[in-house]
Amino acid sequence: MESPVVMLTAFNLEYDAVRRKMVDPRVHLHERGTRFEVGMLRGTRCRVVLGLTGKGNHPAAVLAERAIQEFSPLAVLFVGVAGALWDTPLGDVVVATHVYAYHGGTSEDDGLKARPRAWETAHEIAQVAAHVGRAGDWTDKLSLHDPPGVHFGAIAAGEIVQNSRISREAEWIRQHYNDALAIEMEAAGVAQAGHLSGAPVAVIRGISDRADGTKATDGDATWQPAAAANAAAFAARLAVELMEQRVEHVAMRETEEREYHGTITNNSSGQVGIQAAQVTGSHVWMGMAPHTLFAGDLDRELAALRDLLARSRSTGSIDDATYNAATAELDIASKALEDNAPERRNKVVLALKRLRGLIEDVAELATKIGAVIAAAQGLS
């Protein structure tokens, strides 16, 4: 089963907007009590996991990390509403090209100096999101006369509710983060969790207010639901596109592997000498024999990969940094293999795919890992 897309929201109005896109959501309870809901996006084969983080960067980071470790997702989408910093129309959607954690700084005699942190959106997600934005058919078309637009740019994430154009904080943001299109309170935490866990993150925000002192007025009751619905609509379309692209990519890789590791038929009456990974009866398999592996079998394959990695490092085929990152992915795969939960196959396969991405320039390793991935997809 393909890895899901995780969708996280900060509060219930945003959560409900995403949940309305799902079919038959079922509760998945984390061992520490966090409740997720798992289901399919309506009318698609895209499986999503929905979670509620609560307000603030710190809880968002913890819950995002928890979701990543629990589900090994294809991507994490943080979905909700935000305030506009410039003239972005209410109801429009902003997709982050990068996220600023704008509250970092140092206080000196001549004033406060900015020490920001920033995270760029993963290239693959940025490309797919731009495609969805160009297509223009992601909206629910709730208002045919005024369809929402989509904008790509920086999003600023801090620790306070910003609701003024003339406060010191507002002036600080204009001075140091004047390219940011929207401001909110969770994106930096989710971006950091994705960075540390190796999971691609996209932040998708509907504009519900102008962060100018008019927040929490009667207009808020109108624009918050509309902005949340528009963000959920864009996120749902993005999730489907990411899933379809990954399925297509995997199918292409598996086709290439089958062509490379094909079956050799001996039509002669004499003997044939050949090097092969496995020989079964009269069939010779150049890669992994196409049978279902049990956990013990796969554990031995992972051990063999460790040996290959060690040899590749000793011969200089891979450097120490790559070796350490690759063994970390093997550790994740081995740990997932020990778990009898239904998600373990997805976790093992995803870790192996990340491993293959790290060493794809080393032909022997890439070939071996490709064969183990094919076998792991049939893990019982």
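The legends below describe views of a predicted model.

**View 1. The whole protein chain.** The protein chain holds 10 helices and 14 strands, taken as DSSP runs (H or I of at least four residues for helices, E of at least two for strands) numbered from the N terminus. Of its 380 residues, 48% are buried, meaning under 20% relative accessible area with a 1.4 Å probe, protein chains only. Residues are numbered from 1 along each chain as its sequence is written. In this predicted model, local features need pLDDT of at least 70 and side-chain atom pairs count only at pLDDT 80 or more, while totals for chains, interfaces and linings use all residues.

**View 2. Helix α10, residues 363–376.** The 14 residues of α10 should span 20 Å at 1.5 Å a residue, and the end C-alpha atoms are 20 Å apart, which agrees. The expected span is 1.5 Å times one less than the number of residues. Buried residues of α10 include Leu-365, Ile-369, Val-372 and Ile-373.

**View 3. The largest pocket.** About 1,400 Å³ of space lies here, the volume being the space filled by probe spheres set on grid points joined across faces, edges and corners. A pocket is an open set of points on a 1 Å grid over the protein atoms alone, where a 1.4 Å probe fits, with protein on both sides within 12 Å along at least five of seven lines; lining residues have an atom within 4 Å of a point.

**View 4. The lining of the largest pocket.** Among the 50 lining residues, Pro-73, Ser-197, Gly-198, Leu-350 and Arg-354 lie nearest the centre of the pocket. Helix α9 gives the most to this lining, with seven residues.

Methods
Heavy atoms only, no water. Buried < 20%, exposed > 50% of the residue type's maximum accessible area, 1.4 Å probe, protein only.
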